[in-house]
Amino acid sequence: MASVFDPENFFWRMLSKLVDVLGLSLLWLFCSLPLFTIGAATAALYDSAARCVRGGANGPFARFFRTFRREFVTGTVVTAVWGALLVILGWLVLLLWKAAAAKTVSAAAAVAGSLAFLLIPVGAACWMFPLLSRFTFRPAGLMLTGLRFALGYLPATVLIVAAGTAAVLASGLLWFPALVLPCLMALLWSLPMERRFQKYMAGGETASPDREGL
């Protein structure tokens, strides 16, 4: 019976991980509600998921709020600027698909144009906030470094964007995946991202990648 209630056994460890995944996902959803805070919330979620849920560090919720407060200003500025850019690009994609529906351009051209307009900017956004959780940036430096990582690690960027798109679609079709998908997505992103970040990290801390080659 002692082994059943041992907090280090497999069942309790998995239950603890599940609670962390659910709690961090709900924190991210709540802190992202104003929309302009989604960048800081994403940095906080990634940091807690990679270091605590995956890495085994203690205090995922305290770490989430600490990172959220620390990166709030930079994350909010970048969210506003890059969000405006994505809205403009999304509008151009919408015009392209309307042209395809009107038969003035082909469907293939619409698909190719959509990918050209959105893949790198969306991919850069996916890199930016995990980068912000690991390194110190000013807004302009973060945006440029996100673009460099999106282009420099293009195969990983494609997989990251595809996984994020699938998560958004799943949450749109059925509401309940949204209760766990944010944290699960951060964990999935951490698999390719952490390997790339390691080359810029000295002793587990930050050695900014914004001036180094990829």
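Let's start with charges: a search of the whole structure turns up 5 salt bridges. Keep in mind that this is a predicted model.

The side chains of Asp47 and Arg134 meet, N to O, at 2.6 Å. Where do Asp47 and Arg134 sit in the chain? Asp47 is in helix H2 and Arg134 is in helix H5. They are 87 residues apart, so this pair links distant parts of the chain.

Stay with H2. Its residues are 38-54, and it packs with helix H8, residues 181-198. The angle is about 80°, and the axes lie 9 Å apart. Angles of 65 to 115 degrees count as roughly perpendicular. H2 and H8 are therefore roughly perpendicular to each other.

Who touches whom? From H2, the contact includes Leu45, Tyr46, Ala49 and Val53. From H8, it includes Pro182, Leu187, Trp189, Met193 and Phe197. By class, the contact has 13 nonpolar residues, 1 polar and 2 charged.

Now the largest pocket. It holds about 1000 Å³ of space. There are 33 lining residues, and the closest to the centre are Trp28, Ile38, Cys126, Val168 and Trp189. Note Trp189 again: this residue is also in the H2 and H8 contact.

Which helices build the lining? H1 (10-32), H2, H4 (72-101), H5 (107-134), H7 (154-173) and H8 each supply at least two residues. H5 gives the most, with 8 residues.

What is the split by class? The lining has 25 nonpolar residues, 8 polar and no charged.

Conventions: Residues numbered from 1 in each chain as written. Predicted model: local features only at pLDDT ≥ 70, side-chain atom pairs only at ≥ 80, totals over all residues. Heavy atoms only, no water. Axes fitted to C-alpha atoms, helices over the stretch in contact; angles between N-to-C directions. Helix = DSSP H or I, 4+ residues; strand = E, 2+ residues; numbered from the N terminus. Parallel < 35°, antiparallel > 145°, perpendicular 65-115°, else oblique. Contact = heavy atoms within 4.5 Å. Nonpolar A, V, L, I, M, F, W, Y, C, P; charged D, E, K, R; others polar. 1 Å grid on protein atoms, 1.4 Å probe; cavity = no way out; pocket = protein on both sides within 12 Å on 5 of 7 lines; lining within 4 Å. Points joined across faces, edges and corners; volume = space filled by probe spheres on them. Salt bridge = Lys/Arg side-chain N within 4 Å of Asp/Glu carboxyl O.
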